[in-house]
Amino acid sequence: MATASRTVEPAGTTPGARAFPPGFLWGTATAAYQIEGAADEDGRTPSIWDTFSRTPGKVRNGDTGDIACDHYHLWREDVALMAGLGVGAYRFSVSWPRVQPTGRGPASRKGLDFYSRLVDELLAKGIQPVLTLYHWDLPQDLEDAGGWPERDTAERFAEYASLVAGALGDRVKTWTTLNEPWCSAFLGYGSGVHAPGRTDQADALRAAHHLNLAHGLGVQALRAHLPTDARASVTLNLHHVRSLTDSEEDRDAARRIDGVANRVFTGPMLRGEYPADVLRDTAHLTDWSFVRDGDTGAISQPLDFLGVNYYSPTLVSAASGPGSHNADGHGASEYSPWPGGDDVAFHRPPGATTAMGWAIDPSGLYELLTRVRDDFPGLPLVITENGAAFDDYVNPEGRVHDPERISYLHGHLTAVHRAIEAGVDVRGYFLWSLLDNFEWGHGYSKRFGAVYVDYATRRRIPKESAHWYARVVRDGVLPPTPHARA
Ligand code: FCB
C-alpha cells in the first residue's frame with residue numbers, strides 16, 4: 001500500500017478501459033466467524049456470535065457459524081483459490097476467542113499457530129496479509145462482564161492487540177483494529193439485530209465510545225510491538241447519507257444520521273473530538289460522562305490509511321415517527337440503531353437492488369470518497385469491502401453465472417477509478433467476499449462470494465465473477481463495460 005502512486009496510467013488499447021495506478025492493491029476479504037467454523041476446536045471458547053446464533057429466533061433458520069465454510073481446516077485450499085485469482089492481498093480477521101479464549105490473560109498457542117500458518121502460506125504465494133483484529137466476535141466472557149458498554153473491554157482489546165502483534169508482527173505489515181464499529185455498537189447494543197442482541201440506546205453510545213477507545217489503545221499497542229514499517233488503520237462502514245429533498249428539515253435529518261453513522265467515529269479518531277451536534281442530538285439519552293479526560297487524545301492516533309466499506313447509499317427525510325428506521329437496510333427491529341434519530345424516516349432509494357434489498361448505486365461510492373478526501377485531506381484510503389449478494393446457484397454444467405455481480409463490481413470499480421482521477425488517494429480495493437459465507441443475521445441465505453460454497457460438501461466453485469475479477473486484477477485494467485474485454 002505504501003508504494004501506490006496517484007497517477008492514472010493511459011488506458012491501454014481499448015477505448016473506454018480504465019487503468020488503475022501501478023501498485024494499486026487488489027484483494028479479497030473475509031471475517032473469522034463467517035468462514036472458519038471449528039467453533040470449539042483447539043481451545044476456542046464462544047464469542048458473542050456463537051451465543052447469539054445459538055439463541056432461537058436470532059439468526060435466520062437457526063444457522064450458526066459452527067461449521068461455516070470450514071476454513072479452519074481448508075485454509076490451504078482457500079489460499080490456493082486466492083493465488084488462482086491473482087490477488088495481491090487478503091484481508092482476514094483473527095478470532096479473539098481463538099487466540100485469547102477468556103478475553104484476558106495468556107494467549108492460546110494453538111490459536112495463534114493457526115494464523116501463523118495462514119500468514120506463512122499467504123506470503124509463500126505472494127499474497128500480502130491484511131489483518132483485522134476485531135470483526136465482531138467478542139469473547140463471551142467479556143460480554144458477560146458487561147461487553148462494549150464497559151470501559152474495561154477497551155483495555156482488554158489493547159492487551160489482545162499486543163498478543164497478536166507479538167506473534168505475527170514479524171510478517172504481517174498491515175493491521176486494522178476494528179471492522180465497522182458502527183455495527184458493533186448500534187446493531188449489537190441498539191437495535192439488537194446483531195450479537196449480543198441488546199437494545200439500549202445509552203448502552204449503544206457507551207459501546208461506541210469504548211470501541212473508539214479500543215481503537216486508539218489498540219493502535220498504541222500495535223505501534224509498541226510492531227516494526228516501524230507496519231501500517232495501522234481502522235475500517236469504517238461510512239454511510240453516504242442523502243436527504244430526500246432539499247428542505248431544511250430533511251437536510252437536518254441527514255445531518256443527524258451522518259453524525260451517529262459517521263462522525264461519532266471519525267470525530268474522535270481523526271479530529272480528536274466528538275462533534276458537538278452529536279453530543280447535543282443524544283443528550284436526552286446520555287450525558288457522555290463515560291468519556292474521560294484524555295480519551296479523545298488517546299483515540300486520535302495517526303493512521304496510515306482509512307479502510308472504507310461501501311455497499312449502498314442511505315436516503316433519509318424528516319419525521320415519520322417510531323418504527324421508521326426499519327427501512328435502513330440494517331435489519332428489522334422494533335428498536336432503533338440510530339440514537340438521536342427517532343424522528344428520521346429511511347427510504348429505499350429508487351432502482352435495482354441486490355438480494356439484500358440494498359440499492360445498487362456506485363455514484364454513492366464516488367461521492368463518499370471525494371467527501372472523505374475533502375474532510376480529511378492527505379489520508380490515504382483503501383476500499384476494504386465492496387460487493388453484492390445475489391441468488392446464485394450452480395447450473396447443470398456445474399457453473400455459477402453471476403452477471404449481476406460482475407455489473408455491480410464493474411460499476412463500483414468505475415466509481416473508484418473516477419475518484420482516483422479526481423485526485424482521491426485510493427490505494428486498494430478488497431472484494432467482499434472471497435467465499436460465500438455466514439452472513440450474520442441472514443445465516444447462509446445470502447451469497448456474497450466470488451467463490452460459491454456448497455455448504456453440505458464444503459466444495460468451492462469460482463463463480464463467473466471470480467474469473468472476471470482475476471482478469472481485472474491481472475491487467476490492472478477495468479474493461480469499458482462489464483462484459484467487454486479490457
Ligand atoms: C459488512 C460486514 C461484512 C459482511 C458485509 C456484507 O457490514 O463487515 O462482514 O457481512 O457487510
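This is a predicted model: local features need pLDDT of at least 70, side-chain atom pairs count only at pLDDT 80 or more; totals for chains, interfaces and linings use all residues.
Local features are given only where pLDDT is at least 70 and side-chain atom pairs only at pLDDT 80 or more, while totals for chains, interfaces and linings use all residues. Residues are numbered from 1 along each chain as its sequence is written, and side-chain values rest on heavy atoms, with hydrogens and water left out.

Around the ligand stand Gln34, His135, Trp136, Asn179, Glu180, Tyr311, Glu385, Trp432, Glu439, Trp440 and Phe448; a residue is counted here if one of its heavy atoms lies within 4 Å of the molecule. In His135, a side-chain N or O atom is 2.8 Å from an oxygen atom of the ligand. For Glu385 the corresponding distance to a ligand oxygen atom is 2.9 Å, and a polar side-chain atom of Glu439 lies 2.7 Å from an oxygen atom of the ligand.

The peptide bond between Trp432 and Ser433 is cis, with omega about 15 degrees. Ser433 belongs to the loop between β12 (426-432) and β13 (451-454); strands are DSSP runs of E with at least two residues, helices are runs of H or I with at least four, and both are numbered from the N terminus. Another cis peptide bond leads from Ala195 to Pro196, with omega near 5 degrees. Pro196 is placed in the loop between α8 (181-187) and α9 (201-225). Asn61, a residue other than glycine, has a positive phi near 60 degrees, and this residue sits in the loop between α2 (48-53) and α3 (71-85).

The axes of α3 and helix α5 (residues 109-124) come within 10 Å and cross at roughly 15 degrees; axes are lines fitted to C-alpha atoms over the stretch in contact, and angles run from 0 to 180 degrees between N-to-C directions. The two helices α3 and α5 are therefore roughly parallel, a term for angles under 35 degrees. Their crossing is right-handed, meaning that the near helix is turned clockwise from the far one by less than a right angle. Contact, defined as heavy atoms within 4.5 Å, involves residues including Trp75 and Met82 of α3 and Phe114 and Leu118 of α5. By class, the contact of α3 with α5 has seven nonpolar, one polar and four charged residues; Ala, Val, Leu, Ile, Met, Phe, Trp, Tyr, Cys and Pro count as nonpolar, Asp, Glu, Lys and Arg as charged, and the others, Gly among them, as polar.

Helix α9 packs with helix α7 (residues 151-168), their axes coming within 8 Å and crossing at roughly 25 degrees. These helices, α7 and α9, are therefore roughly parallel to each other, and their crossing is right-handed. Among the residues in contact are Phe157 and Ala161 of α7 and Leu213 and Leu217 of α9. The contact of α7 with α9 divides into ten nonpolar, five polar and two charged residues.

A further pair is formed by helix α13 (residues 362-375) and helix α14 (residues 403-421), which pack at about 25 degrees with axes 8 Å apart. Here α13 passes α14 in a right-handed crossing. Pro362, Leu365, Tyr366 and Leu369 of α13 make the contact with Gly411, His412, Ala415, Val416, Arg418 and Ala419 of α14.

Definitions and conventions:
A polar contact is a pair of N or O atoms within 3.5 Å; within protein, one must be able to donate a hydrogen and the other to accept it, and residues adjacent in sequence count only if both atoms are side-chain atoms. Angles under 35 degrees count as roughly parallel, over 145 as roughly antiparallel, 65 to 115 as roughly perpendicular and the rest as oblique.
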